[in-house]
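Below are some notes on the ligand site and the pockets of this model.

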Amino acid sequence: MAGAARSGTLEEGQVRAMFDRIAGVYDVMNSVMTAGLHHRWRERAVDLARVGPGSRALDVATGTGDLAIELASRGADVVGSDFSEGMLDRARQKAPEITWEQGNALALAYPDGEFDAVTVGFGARNFSDLGQGLREMARVVRPGGRVVVLEITTPTKPPLSTFFSLWFDRIVPLLGRVTGEDQAYTYLPSSVKRFPGPAELGALMHESGLRDVRWILTAGGIIALHSGTVA
Ligand SMILES: C[S@@+](CC[C@H](N)C(=O)[O-])C[C@H]1O[C@@H](n2cnc3c(N)ncnc32)[C@H](O)[C@@H]1O
């Protein structure tokens with residue numbers, strides 16, 4: 001598993017087991033690694049989902065539920081889905097009023113066109129088949145509805161690229177070691193590096209049946225927010 005973590009590719013069962021294991025430290029690590037900025041990025045992602053009272057939204061790979069909670073704060077009726085029960089347990093504790101369901105993002109148990117919007121935050125990178133995950137997200141959204149992908153991306157221009165490499169390759173694995181979860185926080189930077197860049201991800205979203213695909217880079221080019229509309 002150590003080699004697989006370093007290459008940023010883990011099998012589905014290994015990904016689920018890893019998130020079950022780190023569920024207890026996940027939120028703290030997120031806040032430490034992003035200096036709390038992840039909340040702002042989630043707000044921007046939810047802006048792109050264009051939901052409000054009366055909308056029905058799904059957040060896949062919802063983890064401890066922060067993106068689903070942001071969707072619900074706009075008045076939408078929200079389902080948060082993830083295959084890790086450990087992560088979902090945390091989500092349930094944070095927001096018992098939201099519907100949390102165990103499920104695989106690559107084989108969603110919802111009918112076609114069920115939702116007005118589907119989001120994924122920092123989860124697409126972990127899909128064993130990204131194309132399949134995007135097609136499933138598009139499938140369960142009604143025509144005209146929105147698909148939003150919030151993900152970490154690798155900045156290409158200095159000085160951010162230098163800082164990113166120092167932070168992700170040295171500090172994040174070190175923080176992981178402090179929490180006793182060094183494999184998970186070695187996997188994280190490696191999985192970001194092997195993930196498609198913004199243009200490639202945009203093309204994959206288009207191939208999945210989405211139109212008007214756009215992306216915004218923020219946080220100095222470290223965060224990509226992709227959105228598209230179901231044809
Ligand atoms: C890095 S966490 C992101 C959690 C949350 N979305 C957030 O914004 O913080 C990735 C999550 O994706 C989930 N995940 C990865 N692959 C999945 C799949 N195929 N189906 C369902 N959940 C998946 C993991 O269990 C984990 O909770």
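1. What volume does the second largest pocket have? The second largest pocket has a volume of about 160 Å³. A pocket here is an open set of points on a 1 Å grid over the protein atoms alone, with protein on both sides within 12 Å along at least five of seven lines; lining residues have an atom within 4 Å of a point. A volume is the space filled by probe spheres set on the points.

2. This is a predicted model, in which local features need pLDDT of at least 70 and side-chain atom pairs count only at pLDDT 80 or more, while totals for chains, interfaces and linings use all residues. Residues are numbered from 1 along each chain as its sequence is written, and side-chain values use heavy atoms, with hydrogens and water left out.

3. The lining of the second largest pocket includes T153, K157 and P198.

4. The largest pocket has a volume of about 460 Å³. Of its 25 lining residues, M33, T34, W41, I152 and F168 are the closest to its centre. Helix α2 supplies the largest share of this lining, seven residues.

5. The ligand is surrounded by 20 residues (a heavy atom within 4 Å), and the closest are Y26, R42, A61, D82 and G121. A polar side-chain atom of R42 lies 2.6 Å from a ligand oxygen atom, and one of N104 lies 2.9 Å from a ligand nitrogen atom. Helix α2 (residues 12–34) gives the most to this shell, with four residues.

Key: A polar contact is a pair of N or O atoms within 3.5 Å; within protein, one must be able to donate a hydrogen and the other to accept it, and residues adjacent in sequence count only if both atoms are side-chain atoms. Helices (H or I, at least four residues) and strands (E, at least two) are DSSP runs, numbered from the N terminus. On a 1 Å grid over the protein atoms alone, a cavity is a set of points where a 1.4 Å probe fits but cannot get out, and a pocket is an open set with protein on both sides within 12 Å along at least five of seven lines; lining residues have an atom within 4 Å of a point.
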